[in-house]
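Me: I've got this model open and I'd like to learn how to read its helix packing. Can you take me through it?

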Amino acid sequence: MAWLLLLVAGLCEVAWAIGLKYTEGYTRLWPTVGTVGAMIVSVLLLGIAMKSLPVGTAYAVWVGVGAVGTAMLGIVLFGESASFARIASLALIVAGIVGLKLTSGP
């Protein structure tokens, strides 16, 4: 269950990172409200997941899911570079996340 919560926390991190773009410097009310809400949910779920996962592993996975998801949505939504080197770098982050999961126990 902790891993599922951690995954959802990471997805909420993606939501708030992308949401920041839509707030236009916190000048748009509803995107700002959604972004702040996603921030709160993300950190709360991370904290709950850390009750039973190692802190270093949980934090690294949370950041990794957020970074990969945000970069991928940046490519899709904002036309950011999808070069081979960039995709390979994201794949390395995913490999690190998988490695942390496989070496962390239940």
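Me: How are helix 1 and helix 3 oriented to each other: parallel, antiparallel, perpendicular or oblique?

Reply: Start with the cut-offs: angles under 35 degrees count as roughly parallel, over 145 as roughly antiparallel, 65 to 115 as roughly perpendicular and the rest as oblique. The axes are lines fitted to C-alpha atoms, for helices over the stretch in contact, and the angles run from 0 to 180 degrees between N-to-C directions. In this predicted model, the axes of helix 1 and helix 3 cross at roughly 40° and come within 8 Å, so the two helices are oblique to each other. Their crossing is right-handed; a crossing gets that name if the near helix is turned clockwise from the far one by less than a right angle, and left-handed if anticlockwise. By class, their contact has 17 nonpolar, six polar and two charged residues.

Me: Who goes in which class, and what is a helix here?

Reply: Ala, Val, Leu, Ile, Met, Phe, Trp, Tyr, Cys and Pro count as nonpolar, Asp, Glu, Lys and Arg as charged, and the others, Gly among them, as polar. Helices (H or I, at least four residues) and strands (E, at least two) are DSSP runs, numbered from the N terminus. On that basis the protein chain has four helices and zero strands.

Me: And the ground rules for the numbers?

Reply: Residues are numbered from 1 along each chain as its sequence is written, and side-chain values use heavy atoms, leaving out hydrogens and water. Since you are looking at a predicted model, local features need pLDDT of at least 70 and side-chain atom pairs count only at pLDDT 80 or more, while totals for chains, interfaces and linings use all residues.

Me: At what angle do helix 2 and helix 3 pack?

Reply: About 150°, with the axes of helix 2 (residues 29-49) and helix 3 (residues 55-78) 10 Å apart. That makes helix 2 roughly antiparallel to helix 3. Contact means heavy atoms within 4.5 Å, and here Ser42, Val43 and Leu46 in helix 2 meet Ala58, Tyr59 and Trp62 in helix 3. Five of those residues are nonpolar, one is polar and none is charged. The crossing of helix 2 and helix 3 is right-handed.

Me: Which way does helix 3 cross helix 4, left-handed or right-handed?

Reply: Left-handed. The axes of helix 3 and helix 4 come within 10 Å and cross at roughly 155°, so these helices are roughly antiparallel to each other. Among the residues that meet there are Val61, Val65 and Val68 in helix 3 and Leu90, Ile93 and Ile97 in helix 4. The residues of this contact divide into 14 nonpolar, two polar and one charged.

Me: Which residues of helix 3 are buried?

Reply: Buried means under 20% relative accessible area, exposed over 50%, partly exposed in between (1.4 Å probe, protein chains only). In helix 3 the buried set includes Trp62, Gly64, Gly66, Gly69 and Gly74. Helix 1 (2-23), helix 2 and helix 4 (84-102) are among what covers the buried residues of helix 3. Across the chain, buried residues make up 32% of the 106 residues.
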